[in-house]
Amino acid sequence: MKHITITMIFEASALNRDEKIAENVLSIKKLQRGNRTVSFIGKTAIRHYLFATLQKAFNWKPAKVTGQGKVVQFDITQDDIISSPELDAFGYMYTIGGQASITRKAPVGITKAIGLDPYNGDMAFYANHDLVNRGIKQGLNVTPNPYNKEEHVSFYKVSFTIDTDILGRDEWIGEDLSYKDGKLYITIQKPHFAILKDVERKEDEEGNIYYEIDEHPIYVEGRVVRVAKNLMEYPKEKGKKAKETTEESKVIQFKTEYLKEEKKGEEEKKRGQKKPNIKVQEYEEEGDFYKFIVSKEPEYNESEKTLKIELGLQKILENVEERKKGCEYIIKEKKNEKEFEHKIKVEKVGNKVKVIFEINPEAKKERIENILECIKDGLKSQSSNEENTIIPLFLVAAYVKVPVPVFHPYIEIRYCEDKYEVIGIRDGVKNSWVEKFFIMDTERIKLPNKESLKNEFKNKWIEEWNEFLKGISQNGSSKT
């Protein structure tokens, strides 16, 4: 399957707001380009508009997220690239208990959308007169709330690249994997837990829930816990007292007197543990508290007055068929009267397992086509409650040997004889990464000398958009 790059030019108002200036001036994102100040739209905003369009046009579902203190991240225990095209296309990072993370690079690369016209300090004054007038007619004592907004109408240039080696494929390294009754259990980090006893659930003056043991508090914010230092200790090393523990081995664990004794499972029997406990290697000290990340939000049992705190990560996939014992599994997906079989392959890597997720090739091509159609026909975008227009007035798309935004640095527009035209296409096509390309120009922005370019690069020129889409899955640059 071929790697793809698209560069497009569109006209829009400043869509990406920056921080407020002097409390009531809404600013726009700006940077210096040569000797000019231009506005820009950040990659995050473009990604948001693209995904919002994919949701509307092709019913892409938002991936589930999980809280980690004030940080929100995608929850890969709930979703993966098979269940979520969003994670497949735009990547993710998932922190495991503060000690490690699973990261997926985004196969869909996006540049900033850079303004091509200078920003000359345009500013507009606004006030909510309509609502104020209604309030006055109702006898309310209300006044307008005036504010200023920086404004900029400009042409913008943005590029997208799709790395088809990464799209549709993901790899995890885990500690173990097992299969039973249609469920695949992938252990990324072996789970360990501690069950704290005599725990009271309390509420502070602001209504926030926290827990307490012997007046020693535990605060929970998603997967982040802050535990009073009095509840924890450094484990003793053999032949040493706890206070003699070396700096390198300063893990912390809950004190035994606060732990509940559990019936011993097989793992605990092997370790000879009477009371399961956790050992926390990565933590911060905040005054009288230790702060660390756990694998999931702690579970409180009101009737038993216990709080279960767990470290580790296990992913459970359901409705899985075992195709080749211990090394290949299948998940079926029904969509639009089609049925796709996605693969999960397992390889031994030393004493660990490599788990490879592979999207069905036809489903992968469909995801790529969805993305390309959205870019070509325009993105749904709104900022400050104002509709805007990320709709290409000029677009060049190409198959490339290496997934880089080849055309981005070459292309500019110029105003010539009462019309805009694009320059730099010939330089871009000469780049050896370009295999074939498609161009869409419009009445607003023309490609000059189009027929000449077509003749010069007739072996690379693709006339129709549908022909370009069909060629994606032909043998070419990518490994798949």
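Asp198, Asp214, Glu215 and Glu257 gather in a patch of negative charge on the surface. Such a patch is made of residues with over 30% relative accessible area and no salt bridge, like charges being joined within 9 Å; a salt bridge is a side-chain nitrogen of Lys or Arg within 4 Å of a carboxyl oxygen of Asp or Glu. This is a predicted model, in which local features need pLDDT of at least 70 and side-chain atom pairs count only at pLDDT 80 or more, while totals for chains, interfaces and linings use all residues. Residues are numbered from 1 along each chain as its sequence is written, and side-chain values use heavy atoms, with hydrogens and water left out.

**Loop residues**
- Asp198, part of the negative patch, lies in the loop between strand E17 (183-196) and strand E18 (200-203); strands are DSSP runs of at least two residues, numbered from the N terminus.
- Asp198 is exposed, with a relative accessible area of 53%; exposed means over 50% and buried under 20%, with partly exposed in between (1.4 Å probe, protein chains only).
- Gly350 sits in the loop between strand E30 (338-349) and strand E31 (352-358), and counts as exposed at 69% relative accessibility.
- Gly350 and Thr95 are 255 residues apart along the chain, and their C-alpha atoms are separated by 23 Å.

**Strand E37 and its partners**
- In strand E37 (residues 434-441), six of the eight residues are buried.
- E37 runs antiparallel to strand E34 (residues 394-400), joined by seven bridges; pairing requires at least two DSSP bridges between two strands.
- Val434 in E37 stands opposite Val400.
- With strand E39 (residues 461-462), E37 pairs in the parallel sense over two bridges, and Phe438 has Ile462 in E39 as its bridge partner.

Methods
Patch = residues over 30% accessible without salt bridge, like charges linked within 9 Å, V, L, I, M, F, W, Y side chains within 5 Å. Areas by Shrake-Rupley, 256 points an atom, 1.4 Å probe, with all protein chains shown as cover. Lys, Arg positive; Asp, Glu negative; His and termini not counted. Charge placed at Lys NZ, Arg CZ, Asp CG, Glu CD. Helix = DSSP H or I, 4+ residues; strand = E, 2+ residues; numbered from the N terminus.
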